[in-house]
Amino acid sequence: MSNSALIKSSIAKKYWMALTGLFLCLFLVGHLIGNLQLIIKTGEEGRRAFNEYAYFMTHNPAIMVLSYLTYFSILFHAIDGIALFIQNKKARPVSYAYNKPSANSSLPSRYMALLGTIVLVFIATHMSNFWWKMKVSDEVPMHTYYSPSSQDTMYLTQKGEQISTKQIRELGEIEGTELILKADKFNASIEQQYSSYLASNPGISDDQLADIEEQKKKLKSKKDEILAEGYKDLHTVVMAFFSKKNKSDSGVPLGLLGMFLYVISMAVLGFHLWHGFASAFQSLGMNHPKYTPLIKVFGRGYAIVVPLLFAIIPILIYLNS
Ligand code: HEM
């Protein structure tokens with residue numbers, strides 16, 4: 001590739017890195033506001049507020065589009081960054097003999113690729129902790145509670161109304177109650193499968209019949225859990241993750257380690273943003289004698305405040321657990 005083509009392709013890469021990076025900065029603000037509910041509200045009120053928020057984030061179509069844009073931006077930003085790093089290395093394999101980096105650039109700017117890689121590893125571990133459980137493996141329990149006065153499992157609708165499972169069945173489909181109706185269908189299909197199995201196997205012994213009944217009971221108790229669905233209880237999962245009580249069987253304090261992992265990662269994120277925020281505006285060609293210094297100050301403020309607030313969340317959860 002000629003030198004000018006190389007520069008052009010490097011400018012294009014920087015442009016896309018800047019756009020995706022700034023989009024991710026917006027994502028971080030939204031994510032932070034949502035997560036702050038973990039520490040602002042406490043008790044049942046906090047659990048409810050956070051789970052309602054998580055339900056909204058996973059069901060609102062516009063937010064779902066933004067989520068896909070976030071995944072795309074993370075991947076694109078990382079791949080483009082690695083490509084740019086390799087391209088720069090190839091263009092200048094050996095440092096200039098009298099190169100004195102400390103005189104030309106700040107420390108974070110020289111380590112952007114390394115800092116970015118650590119942030120990427122953090123995001124991958126972070127998503128496997130919460131996002132994977134919520135969206136893929138379906139390990140998150142349901143947010144319900146038993147009401148002694150209604151003598152029924154209570155469910156929270158999206159409008160914040162409390163409604164018993166019995167009422168939902170009587171009223172039919174209500175916004176946000178589709179899980180219960182889905183569970184009803186699941187239940188009916190189990191019954192149907194068992195009766196058709198029994199009809200096609202008339203000579204079944206009493207022992208086999210007892211086994212089948214046992215199996216059905218197990219499936220039904222699972223079904224009862226599904227029937228009690230409301231919002232997913234992501235709040236409890238996050239609280240348990242950073243809790244002092246989160247220890248492995250051999251006593252390793254997983255909650256404490258998790259808390260430290262998040263705090264260190266947020267420091268790394270801060271350094272990455274310290275240089276990245278203002279640099280993105282430069283890559284987009286926005287250079288202005290009056291506004292560029294302001295963007296720099298704002299970017300540095302952002303790089304301190306956002307990671308700091310993120311870091312406070314696991315610390316407080318751990319200390320209050
Ligand atoms: C204390 C800090 C944080 C906590 C407690 C936290 C918590 C969570 C939780 C509970 C989810 C799952 C939400 C869901 O699937 O509905 C999630 C998703 C996610 N988090 Fe975090 N987070 C924190 C910091 C961060 C940081 C600093 C980043 C990026 C550098 C990040 C990136 C993401 C991404 C990309 C997702 C997936 C979002 C989506 O599906 O739209 N998180 N986080």
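Guide: What follows is a set of questions about terms, each answered from the model.

Guide: This is a predicted model, where local features need pLDDT of at least 70 and side-chain atom pairs count only at pLDDT 80 or more, while totals for chains, interfaces and linings use all residues. Residues are numbered from 1 along each chain as its sequence is written.

Visitor: How do you know how confident the predictor is in the chain?

Guide: Look at pLDDT, the predictor's confidence in each residue, from 0 to 100. The chain's mean is 83, and 80% of its residues reach 70 or more.

Visitor: How many helices and strands does the chain have?

Guide: There are 12 helices and 5 strands. Helices (H or I, at least four residues) and strands (E, at least two) are DSSP runs, numbered from the N terminus.

Visitor: Why is His 143 called buried?

Guide: Count the neighbours. A residue is buried if 20 or more other C-beta atoms lie within 10 Å of its own, exposed if 12 or fewer, and partly exposed in between, with C-beta atoms placed from the backbone. His 143 has 24 inside 10 Å, so it counts as buried. His 143 sits in strand E1 (residues 142-143). Its C-alpha atom is 9.0 Å from that of His 235, 92 residues away along the chain. Of the chain's 321 residues, 21% count as buried.

Visitor: Is Phe 27 buried, exposed or partly exposed, and what makes it count that way?

Guide: Phe 27 has 16 C-beta neighbours inside 10 Å, so it counts as partly exposed. This residue lies in helix H1. Phe 27 and Leu 66 are 39 residues apart in sequence, yet their C-alpha atoms are 8.6 Å apart.

Visitor: What makes Val 306 buried?

Guide: Val 306 has 20 other C-beta atoms within 10 Å, so it is buried. Its place is in helix H12. Leaving aside neighbours within four places in sequence, Val 306 is in contact with Leu 28, Val 29 and Leu 32. Contact means that two C-beta atoms, placed from the backbone, lie within 7 Å.

Visitor: Why is H2 called roughly perpendicular to H10?

Guide: Their axes come within 8 Å and cross at roughly 115°. Axes are lines fitted to C-alpha atoms, for helices over the stretch in contact, and angles run from 0 to 180 degrees between N-to-C directions. Angles under 35 degrees count as roughly parallel, over 145 as roughly antiparallel, 65 to 115 as roughly perpendicular and the rest as oblique. So H2 is roughly perpendicular to H10.

Visitor: Which residues of H2 and H10 meet?

Guide: Gly 46, Arg 47, Phe 50, Asn 51 and Ala 54 in H2 meet Leu 234, His 235 and Thr 236 in H10.
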